[in-house]
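This briefing is meant to be read with the structure open beside it. Please follow each topic in turn and find the residues as they are named.

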Amino acid sequence: MSVSGSLTQSDSWKSLHKHYDEIKSQHMRDWFAADPNRFERFHTEAAGLSLDYSKNRINEDTMHLLLRLAQERNLPAQIDSMFTGEAINRSEQRPALHTALRNYSDRPILVDGQDIMPEIRDTVHRMEEFCWKVRRNQWRGYSNKPFTDVVSIGIGGSFLGPKLASSALKPYWDSRLNIHYLANIDGSHITEILKRLDPATTLFIIQSKSFGTQETLKNATACRQWFLDNGGTEEDLPKHFSAVSSNVEKAKAFGIDEDNIFPMWDWVGGRYSLWSAIGLPLALAIGIDNFRDLLRGAYKMDEHFRTAPLAQNMPVIMALLGVWYVNFFGVNSHAILPYDHYLRSLPAHLQQLDMESNGKSITIDGNQVDYDTGPVIWGGVGTNGQHAFHQLLHQGTHFSPCDFIMPMCSHNPIDNFHAMLVSNCLSQSQALLQGKSEDEAIAELVASGMSKAEAIVLAPQKVIPGNRPSNTIYFPKATPQTVGALIALYEHKVAAQGFLWGINSFDQWGVELGKQLGSKVLGALESDAIPEDFDGSTNGLVRAFHQMQNLL
């Protein structure tokens, strides 16, 4: 269900522009001083997560206007269309039903008139049996030794999502299994993984819907050959290789037993596929019960997104704030800052989720947008970032809104480490808010023993403007349920922004173009002929490749 009419010509858009002109020079520091209840006023909770969005350049009028925009864009109905199986991915005529993968209600979900829930539940049951056999040593390798290592071979969503969740839930891992993720088509990556492994105790999971994705198939074929060159036989392949794919015949031809081929569906995009059998390596690592808890956490966020009023709806609030900064402040980036070692892969996953979904310049109706859409997503973990890129956040010429993400309790409490970590998180968001004036800088320098004349010269270097926005998402501990809710929160934030901007968040034609051109360039690199329709730069680089290859 799309919305007709120009976004930028809507009444609420025009009102937001007028409101922006009224408050753009106001400082959040003054708002906090005037309103002791600002934290409570701009705070919400959902699915075990809490969101403090009080450190944003908003007041109640801002939120009122943003929520009016959401109503004008028919956001509640668009959210509902995602859950009911409508073909909201209109360029491919598909629904986007990743939420069905974690549907713990009794509601049927229909695709082409068929309830897909029985097949989903059957797949989870098969995953449970698979995990039980591997984790309980009932399924062993060709030498009858139990598996010690699992290599997941995929790319994009079949790599980033499971890798994130595996890292985030490392405290729940079975210590007898090591999980490795192989994605990059780079001989160095596969070499570094395989040289540490024993083929007799290694299980491979090939993750490719078509069983033909260039990078995945190349890595899978190399792993197959490595297995055969180091003690395995063709007859042993079914004991060591499994797959998640919709192309059963190609997987069987590769040497995989049909019982160990798990389905993928067209109504789940790769970046939303963690919740399907793509999550099999994660389920092996943390156990099927914890995997189910991950699904339950996401389901709780789904229900919140589906039913909560817009004014209390956490993904909607975050989406509206993003629109506010991108379209009215001219912001073009957004930083993800997890203060938790286990969540260190979150920025990379959200980078794909957001930029592949909303990096669009054409509306769902095929028109060129006349406004900006998705920002650049970047970030890094904890205090490491403070000593790297936070300088730009505080004093750079561009400001980037930030999401600070913080579990209040650690899985590994050592001395006062976690209190120090939390203090760094809170003080960074506080510094972004407050900044430091020139008068404050001078007083600080004089108090340190510097003469006032010297302080006046140095003070401009120490001025920090502040008034830089951030959200803080916090929760008791990174458990399977809270991690599931956290990932689903961002999925829904991205979808809501796509609905508001009128773009299709569920296709990725730019990615497809790169794949098409890649095959042609590969042909040129592997032969002496250079196609006449290549541009001059590509021709020059192909020649450079040939020349340097011949030097070695």
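In this predicted model, helix α19 covers residues 438-447, and within this helix Ala 441, Ile 442 and Leu 445 are buried. Seen down the axis of α19, these buried residues fall within an arc of 100 degrees, so they line one face of the helix. The points below continue with this helix and then turn to the pockets and the salt bridges.

**Around helix α19**

- On the face of α19 that is turned away from the buried side, the exposed residues Asp 439 and Ala 447 are found.
- The cover over the buried residues of α19 includes helix α20, which runs over residues 452-462.
- Just after α19 comes Gly 449, a residue that takes a positive phi of about 110 degrees.

**The largest pocket**

- The largest pocket has a volume of about 1100 Å³, and its lining is made up of 43 residues, with Gly 270, Gln 508, Val 511, Glu 512 and Lys 515 lying nearest its centre.
- Four helices each supply at least two residues of this lining, namely α7 (157-168), α9 (214-229), α15 (346-358) and α22 (509-525), and the largest share, six residues, comes from α22.

- The lining of the second largest pocket divides into ten nonpolar, nine polar and two charged residues.

**Salt bridges**

- The structure holds 24 salt bridges, and in one of them the side chains of Glu 303 and Arg 107 meet with an N to O distance of 3.2 Å.
- This pair links distant parts of the chain, since Glu 303 sits in helix α13 (residues 288-307) while Arg 107 sits in the loop between α5 (75-83) and β3 (110-111), 196 residues apart.
- Glu 303 has a relative accessibility of 17% and therefore counts as buried, whereas Arg 107, at 28%, counts as partly exposed.
- Another salt bridge brings together the side chains of Glu 192 and Lys 195, at 3.0 Å from N to O; here Glu 192 counts as partly exposed because its relative accessibility is 38%, and Lys 195 is exposed, with a relative accessible area of 56%.
- Lys 360 forms a salt bridge with Asp 507, in which the closest N and O atoms are 2.9 Å apart.
- This pair also links distant parts of the chain, with Lys 360 in the loop between α15 and β11 (376-379) and Asp 507 in the loop between α21 (480-501) and α22, 147 residues apart.
- Are Lys 360 and Asp 507 buried or exposed? Lys 360 counts as buried because its relative accessibility is 15%, and Asp 507 is buried as well, with a relative accessible area of 6%.

How values were computed:
Residues are numbered from 1 along each chain as its sequence is written. This is a predicted model: local features need pLDDT of at least 70, side-chain atom pairs count only at pLDDT 80 or more; totals for chains, interfaces and linings use all residues. Side-chain values use heavy atoms; hydrogens and water are left out. On a 1 Å grid over the protein atoms alone, a cavity is a set of points where a 1.4 Å probe fits but cannot get out, and a pocket is an open set with protein on both sides within 12 Å along at least five of seven lines; lining residues have an atom within 4 Å of a point. Grid points are joined across faces, edges and corners, and a volume is the space filled by probe spheres set on the points. Ala, Val, Leu, Ile, Met, Phe, Trp, Tyr, Cys and Pro count as nonpolar, Asp, Glu, Lys and Arg as charged, and the others, Gly among them, as polar. Buried means under 20% relative accessible area, exposed over 50%, partly exposed in between (1.4 Å probe, protein chains only). The arc is that of the directions from the helix axis to the C-beta atoms. Contact means heavy atoms within 4.5 Å. A salt bridge is a side-chain nitrogen of Lys or Arg within 4 Å of a carboxyl oxygen of Asp or Glu.
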